[in-house]
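My notebook is open and the viewer is running. I'll jot down what I look up, one entry at a time.

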Amino acid sequence: MPVTLAFGLAAMFLLLVGAGAFVLLGRRRRLDQRSDSMLRLLELADQLEADLKTCRNGLKQAHAVMSLNPDQPAAGEQEATQAIDAGLRSLLQQRLWIRDCAPDASQQGLDEAAADMSQTRARLRPLVNALERAHHDLDDAMREHIRRESDV
């Protein structure tokens, strides 16, 4: 076998190995990106659920303190509870999509779902913060009221 043929075959083999490694690395990177996107979707769903449950619990506490009859929900409480329950149902639909469709979805579809969930959390966050501030203000007002009554 001539030296140039052996050298050419060795070079061709090295090129094939290099191309195969390049393809495998690209595929691995895409799989890692997909895995990261799926984990991000699940984390966002958990965070959104926690935000919604925080809202629901905060509203219940606030209405119980403010209500003349804590056993009967006020009209505003019912509307707020219905809105939060609708958010939780929507989140359940999103979780079902993640379970059933996300494994076969395109990377763009995963990215869009994560962006939608992030936007929802961003819109909800100021409401959660306002509710927490109102709860603290209400607690402060109740403590002040109790202090005044005990001074009399």
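This is a predicted model: local features need pLDDT of at least 70, side-chain atom pairs count only at pLDDT 80 or more; totals for chains, interfaces and linings use all residues.

Entry 1: I looked up the largest pocket and got a volume of about 290 Å³. It has 18 lining residues, and the closest to its centre are L48, L52, G87, T120 and L124. Next I asked which helices supply the lining of the largest pocket. Helices α1, α2 (75–100) and α3 (107–151) each put in at least two residues. The largest share, eight residues, comes from α3.

**Entry 2: D51.** I went to helix α1, which covers residues 3–66, and picked D51 there. Is D51 buried or exposed? Its relative accessibility is 6%, so I wrote down buried, since the cut-off for that word is under 20%. Then I checked what D51 touches, skipping neighbours within four places in sequence: the contacts are R121, L124, R125 and V128. With R121 there is also a salt bridge between the side chains, at 2.9 Å from N to O. This pair links distant parts of the chain, with R121 in helix α3 and D51 in helix α1, 70 residues apart. Both R121 and D51 are buried.

Entry 3: How many salt bridges does a search of the whole structure find? I got eleven.

Another one I looked at joins the side chains of D85 and R56, at 3.7 Å from N to O. Because D85 sits in helix α2 and R56 in helix α1, this pair ties together parts 29 residues apart in sequence. D85 is partly exposed, with a relative accessible area of 25%, and R56 is partly exposed too, at 22%.

I also checked D32 and R28, whose closest N and O atoms are 3.4 Å apart in a salt bridge. Why are they about one helical turn apart? Because they are four residues apart in helix α1. D32 counts as partly exposed at 33% relative accessibility, while R28 reaches 53% and counts as exposed.

**Entry 4: a nonpolar patch.** I turned to the surface and found M12, L15 and L16 forming a nonpolar patch there. Together they have about 340 Å² of accessible area. M12 lies in helix α1, and its relative accessibility of 48% makes it partly exposed, because the word exposed is kept for values over 50%.

Methods:
Residues are numbered from 1 along each chain as its sequence is written. Side-chain values use heavy atoms; hydrogens and water are left out. Buried means under 20% relative accessible area, exposed over 50%, partly exposed in between (1.4 Å probe, protein chains only). Contact means heavy atoms within 4.5 Å. Patches are made of residues with over 30% relative accessible area and no salt bridge: like charges are joined within 9 Å, nonpolar side chains (Val, Leu, Ile, Met, Phe, Trp, Tyr) within 5 Å. Accessible areas come from the Shrake-Rupley method with a 1.4 Å probe; for residues, only the protein chains shown count as cover. A salt bridge is a side-chain nitrogen of Lys or Arg within 4 Å of a carboxyl oxygen of Asp or Glu. On a 1 Å grid over the protein atoms alone, a cavity is a set of points where a 1.4 Å probe fits but cannot get out, and a pocket is an open set with protein on both sides within 12 Å along at least five of seven lines; lining residues have an atom within 4 Å of a point. Grid points are joined across faces, edges and corners, and a volume is the space filled by probe spheres set on the points.
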